[in-house]
Amino acid sequence: MEQERKDERVGILVLEDEASTMDLVVHYLREASGNARISTAECLAAALGCLSGQRIDLIIADLHLPDSRGLDTVDALRRAGEQLIIVLTADADPALQRGALERGAYDFLHKSQLNEASLGRLVRL
């Protein structure tokens, strides 16, 4: 059984409503972890549907979406399962970062820090 688990690809869900950022994150993830199974969603409702339909190990989530804002996004994702959540946002408010981590996000990445190395490090962890 353990051998079977080792052969499974890591499931990553990218939740981002800006197409250019979504494309960049997916590109970096493919470069950093070529064997990952990457799914995408542009709104919280689509992400929740994805979470109920497949195994996801890691969520990389923007907090400001068409159907959810700020820490409500982290709360909804946390209620949906025990996946690791990495917040990815352009919002520089330190209270938002602190609040996301207090609500169960694993890490917080500002969009200005977005690159292959930063995402690769987080995925490996």
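**Helices, cores and selected residues of a predicted model**

Helix α2 comprises 14 residues (residues 19-32), which at 1.5 Å a residue should span 20 Å, and its end C-alpha atoms are 20 Å apart, in agreement with that value. The expected span of a helix is taken as 1.5 Å times one less than its number of residues. Helices (H or I, at least four residues) and strands (E, at least two) are DSSP runs, numbered from the N terminus. The structure is a predicted model, in which local features need pLDDT of at least 70 and side-chain atom pairs count only at pLDDT 80 or more, while totals for chains, interfaces and linings use all residues. Residues are numbered from 1 along each chain as its sequence is written, and side-chain values use heavy atoms, with hydrogens and water left out.

The mean pLDDT of the chain (the predictor's confidence in each residue, from 0 to 100) is 88, and 92% of the residues reach 70 or more. Over residues 1-7, pLDDT stays under 50, and the model has two contacts beyond four places in sequence for this stretch. Contact means heavy atoms within 4.5 Å. Where pLDDT is low, the predicted coordinates should not be read in detail.

In helix α2, the buried residues are Thr21, Met22, Val25, Val26, Tyr28 and Leu29. They lie on the same side of α2, because they cover an arc of only 165 degrees around the axis. The arc is that of the directions from the helix axis to the C-beta atoms. Ala19, Ser20 and Asp23, on the other side of α2, are exposed. Buried means under 20% relative accessible area, exposed over 50%, and partly exposed in between (1.4 Å probe, protein chains only). Threonine 21, in helix α2, counts as buried because its relative accessibility is 12%. Leaving aside neighbours within four places in sequence, threonine 21 is in contact with Glu16, Leu88, Lys111 and Leu114.

Helix α3 was examined in the same way. Its buried residues are Leu44, Ala47, Cys50 and Leu51. These cover an arc of only 120 degrees around the axis, so they are on the same side of α3. The face turned away from the buried side of α3 carries the exposed residues Ala45, Ser52 and Gly53. The buried residues of α3 pack against β1, β2, β3 and α4. In α4, the residues Leu71, Thr73, Val74, Ala76 and Leu77 are buried, and what covers them includes β1, α3, β3, β4 and α5.

In soluble globular proteins, nonpolar side chains tend to be buried together. A nonpolar core is defined here as a set of buried Ala, Val, Leu, Ile, Met, Phe, Trp, Tyr and Cys residues joined through side-chain atoms within 4.5 Å. The largest nonpolar core has 22 residues, of which Leu13, Leu15, Ile59, Leu77, Val87 and Ala100 touch the most other members. Two or more residues of this core come from each of β1 (11-15), α3 (44-53), β3 (58-61), α4 (71-80), β4 (84-89) and α5 (94-102). A second, separate core of 17 residues includes Ile12, Ile86, Leu114 and Leu119.

Leucine 15 is in contact with Ala41, Glu42, Cys43, Leu44, Ala47, Ile60, Ala61, Asp62, Leu65, Thr73 and Leu77, when neighbours within four places in sequence are left aside. Valine 87 is placed in strand β4 and is buried, with a relative accessible area of 0%. Not counting residues up to four places away in sequence, valine 87 touches Ala61, Leu63, Val74, Ala100, Ala105, Asp107, Phe108 and Leu109. The C-alpha atoms of valine 87 and cysteine 43, which are 44 residues apart along the chain, are separated by 14 Å.

Two serines were also considered. Serine 39 lies in strand β2 (residues 37-41) and counts as buried at 12% relative accessibility. The side chain of serine 39 makes a polar contact with the side chain of glutamine 54 (3.2 Å). A polar contact is a pair of N or O atoms within 3.5 Å; within protein, one must be able to donate a hydrogen and the other to accept it, and residues adjacent in sequence count only if both atoms are side-chain atoms. Serine 118 belongs to helix α6 (residues 116-124) and is buried, with a relative accessible area of 12%. A polar atom of the serine 118 side chain lies 3.0 Å from the backbone oxygen of glutamine 113.
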